[in-house]
Amino acid sequence: MTLDKIRIVLVNTSHTGNIGSVARAMKTMGFSKLYLVDPVNPVDSHASALAAGATDVLGNAVVVDTLQEAIADCNTVIGTSARSRTLSWPMVDPVECGEKLLAGTEQEGDVALVFGRENSGLTNEELQLCNYHVCIAANPEYSSLNLAMAVQTLCYETRMRYLAKVDQPVEQDDTVYPSSEQMELFYQHLESTLSETGFIIKQHPGQVMTKLRRLFNRARPEEQELNILRGILTSIDKSVVKKDNS
């Protein structure tokens, strides 16, 4: 169990000062991996100034173009959501968020905690790439948290869970879960197969894939189970081809 395997991912951040403040918030809680997805402006002197003594976190930040790139090899991804969505997703509170992130650090690969844009958060499409959503229960009459505050709050809760467990014996869990990239490949395969069988009508796909994503995120198949599912889809694909050629 280690905090070094937890990525803090910022999506399309507008203000470089916020990036610097996040770096400072991370370091005070013992986090060091910062990923920047398509920032509006590159990291500059303003970001460095607000990072204060955390310029090492800022200097080592990984910049990528898409959220998929930032989380491709992560086994657990939790996205922050400030409001309820039309399609519910597995929700956790900050304490549960910390527990699930720490549990993921015992698996192969990293885990990720994803924060969206300052003014609009994460899109529904981005949230669907996450295993869970987390919401900070702020004052409903004034729930305005700036980005660094939100990062500090969730990093603090994770750190508290870490400190509570670090001196306790941990039972070894040999379960291997698929990475985010493996899940995306499965979803692509599933959609392709369902389209070929006619279950999904390409012109009117509706919400089928969104609901199936929610189902499998909730079930969280293990890597071996995912391989079985991929094998089933491949078997169906072969049957469809054989039928078409007969």
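Predicted model: local features only at pLDDT ≥ 70, side-chain atom pairs only at ≥ 80, totals over all residues.
Residues are numbered from 1 along each chain as its sequence is written, and side-chain values use heavy atoms, without hydrogens and water. Local features need pLDDT of at least 70 and side-chain atom pairs count only at pLDDT 80 or more, while totals for chains, interfaces and linings use all residues.

The protein is assigned domain 1 (6-167) and domain 2 (180-245); such bounds come from an automatic or database domain assignment. Their C-alpha centres lie 30 Å apart. Domain 1 gives 14 residues to the contact and domain 2 gives 10 residues, where contact means heavy atoms within 4.5 Å. Between them the domains bury about 1,100 Å², with 50% of it on carbon and sulfur atoms. Buried area is the accessible area (1.4 Å probe) that two parts lose on being put together, summed over both.

One cavity of 30 Å³ or more is present. On a 1 Å grid over the protein atoms alone, a cavity is a set of points where a 1.4 Å probe fits but cannot get out; a pocket is an open set with protein on both sides within 12 Å along at least five of seven lines; lining residues have an atom within 4 Å of a point. Volume is the space filled by probe spheres set on the points, which are joined across faces, edges and corners. The largest cavity has a volume of about 160 Å³. Its lining has 19 residues, and Asn131, Ser179, Ser180, Met183 and Asn217 are the closest to its centre. Helix 8 makes the largest contribution, four residues. Helices (H or I, at least four residues) and strands (E, at least two) are DSSP runs, numbered from the N terminus.

The largest pocket holds about 560 Å³ of space. Of its 24 lining residues, Ser81, Ala82, Ser143, Leu145 and Ala150 are the closest to the centre. Helix 7 (residues 147-165) gives the largest share, three residues. The second largest pocket holds about 190 Å³. Residues lining this second pocket include Asp65, Asn124 and Arg213. Helix 6 gives the most to that lining, with three residues.

Histidine 133 is located in strand 7 (residues 132-134). Histidine 133 counts as buried because its relative accessibility is 4%; buried means under 20% relative accessible area, exposed over 50%, partly exposed in between (1.4 Å probe, protein chains only). Leaving out residues up to four places away in sequence, histidine 133 touches residues including Ile78, Trp89, Met91 and Leu127.
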